[in-house]
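Visitor: I would like to go through this model with you, a few places at a time. May I begin with a single residue and move on from there?

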Amino acid sequence: MAKSEKPTIFRSERASLRVTMLVFSGASIMCVASAIDPLRAANRIAGETLFDFRLVSATGQPAVTTCGLPVAVSGAFDPGEPCDVLVVIAGFGTQGYATSKLLGGLRRAARGARAVGGVEAGTWLVARAGLLDGRAATTHWEDLEDFSVAFPEVDVRPDRYIIDGPVFTCGGAAPTFDLMLHLVRSRLGMAVALDVASVFIYDQSRAATDAQPLVSLGRLDGYDPRLAQAIRLMEAHVDRPLTIEAIAKRAGVTARTLESIFRGSIGETPGAYYLRLRLSAARRLVVDTRVSMAEVAERTGFSSAAAFSRSFSRAFGTAPVRMRRA
């Protein structure tokens, strides 16, 4: 830790930690819950308020999450309000929230806080405020490439969550839960952290530095490692697709066996699944970015924009250009 930096919050400490959660409309309700509920459970288990958290929004109005559920807040974000930790939770629509007033408020609040965090797209706002310059950070895997281009001064990594001095960033809901459990463990000990995990019947099986997968396999990892390995290879080669024969060879099976594994587990051939994976990635680029269709085609492994458009139209019933306009 640099001499100019404040002591980390991730250390053994019994003092109450004041946490302000700044929630924006467009955030995932799971990200909000993953940030709050582990701290709430820790308070109950400890029998005292060791995490004094409050929810606020930019306007003081409830933040409407992606599923349509509003999140009640105690008021509007006040940069001058004392807090130890500021957590920015956002999802879709962050570009519209990045006003000079808000970014200035984040910088002011950060000066008075011991730590600042970004959850999912909240990382974009923390970065736009200049709070990630020269530091390692992560965001949701869908946005990693665009985030790297937007913030070349940030060391962008595909980790589940990252703690770098007084700032921390998370890639999504599950990594946020992991991070908060790590905070509880660091401050209150393993016993309390285990009790918190047990409240949610939660089994932490990933490290912070594990890369975020494009496809979350859940318990498939435990049932058939060959299927898991094949899907991991596919997601790692979206832009330059491997042949099914090459994937099967790396997974240690024949192409015919791999097809049998896919049909039995997923109900479709490896080739059909691979194409669907690439088209899903393309759809996110079409809907959520402004990159050209030629670049979308290149990023998702199609030989030309025309070939990409034909496959996209067959899969989604409309041309990518029309979907973007809609």
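Visitor: Which helix holds Ser311?
Guide: In this predicted model, Ser311 belongs to helix H14, which spans residues 305-316.

Visitor: Is Ser311 buried or exposed?
Guide: Ser311 counts as buried because its relative accessibility is 11%, and the cut-off for buried is under 20%.

Visitor: What is Ser311 in contact with, leaving aside its neighbours within four places in sequence?
Guide: With those neighbours set aside, Ser311 is in contact with Leu279 and Phe302.

Visitor: Now Arg263. Where does Arg263 lie?
Guide: Arg263 lies in helix H11, residues 255-265. Its relative accessible area is 46%, so Arg263 is partly exposed.

Visitor: And what is Arg263 in contact with, beyond four places in sequence?
Guide: Arg263 is in contact with Glu268 and Thr269, once neighbours within four places in sequence are left out.

Visitor: How far is Arg263 from Arg240, in sequence and in space?
Guide: The two are 23 residues apart in sequence, and their C-alpha atoms are 24 Å apart in space.

Visitor: Let us turn to the sheet. How many strands form it, and in what order?
Guide: Six strands form an open sheet with mixed pairing, in the order E2-E1-E5-E6-E10-E9. The edge strands, each pairing on one side only, are E2 (51-56) and E9 (161-164). From one strand to the next, the twist averages 15°.

Visitor: In what sense do E1 and E5 pair, parallel or antiparallel?
Guide: E1 and E5 pair in the parallel sense, over five bridges. Among the residues paired with E5, Met21 has Val87 as its bridge partner, and Thr20 has Leu86.

Visitor: What about E5 and E6?
Guide: E5 and E6 (residues 115-120) also run parallel, and six bridges join them. Val88 stands opposite Gly118 of E6.

Visitor: How many residues of E5 are buried?
Guide: Six of the six residues of E5 are buried, and the strand is described as mostly covered. Val85, Val87 and Ile89 point one way from E5, whereas Leu86, Val88 and Ala90 point the other way.

Visitor: Why the two directions?
Guide: In a regular strand the side chains alternate between the two faces of the sheet.

Visitor: Which strands does helix H1 lie across?
Guide: Helix H1 (residues 29-46) lies across E1, E2, E5 and E6, and runs at about 150° to E2. Helix H3 (residues 100-112) packs on the sheet as well, touching E1, E5 and E6, with its direction at about 150° to that of E5.

Visitor: Next, cavities. How many are there of 30 Å³ or more?
Guide: The count is two cavities of 30 Å³ or more.

Visitor: Which residues line the largest cavity?
Guide: The lining consists of Ile9, Phe10, Leu17, Val19, Met21, Leu39, Val85, Val87, Phe168, Met180 and Leu183. Two or more lining residues come from each of E1 (17-23), E5 (85-90) and helix H6 (173-188). E1 gives the largest share, three residues.

Visitor: How do those lining residues divide by class?
Guide: The lining of the largest cavity has eleven nonpolar residues, no polar and no charged ones.

Visitor: And the second largest cavity: which residues line it?
Guide: Thr20, Arg54, Phe77, Asp78, Pro79, Glu81, Cys83 and Ala109 line the second largest cavity. Its lining comprises four nonpolar, one polar and three charged residues. Thr20, one of these lining residues, is the residue noted above as the bridge partner of Leu86 in E5.

Visitor: Lastly, what is the volume of the second largest pocket?
Guide: The second largest pocket has a volume of about 260 Å³. It is lined by 13 residues, of which Lys6, Ala110, Ala113, Arg135 and Pro166 are the closest to its centre. H3 and E6 are the elements that give two or more residues to this lining.

Visitor: What classes make up the lining of that pocket?
Guide: By class, the lining of the second largest pocket has seven nonpolar residues, one polar and five charged.

Technical notes:
Residues are numbered from 1 along each chain as its sequence is written. This is a predicted model: local features need pLDDT of at least 70, side-chain atom pairs count only at pLDDT 80 or more; totals for chains, interfaces and linings use all residues. Side-chain values use heavy atoms; hydrogens and water are left out. On a 1 Å grid over the protein atoms alone, a cavity is a set of points where a 1.4 Å probe fits but cannot get out, and a pocket is an open set with protein on both sides within 12 Å along at least five of seven lines; lining residues have an atom within 4 Å of a point. Grid points are joined across faces, edges and corners, and a volume is the space filled by probe spheres set on the points. Helices (H or I, at least four residues) and strands (E, at least two) are DSSP runs, numbered from the N terminus. Ala, Val, Leu, Ile, Met, Phe, Trp, Tyr, Cys and Pro count as nonpolar, Asp, Glu, Lys and Arg as charged, and the others, Gly among them, as polar. Buried means under 20% relative accessible area, exposed over 50%, partly exposed in between (1.4 Å probe, protein chains only). Two strands pair if DSSP finds at least two bridges between them. Axes are lines fitted to C-alpha atoms, for helices over the stretch in contact, and angles run from 0 to 180 degrees between N-to-C directions. Contact means heavy atoms within 4.5 Å.
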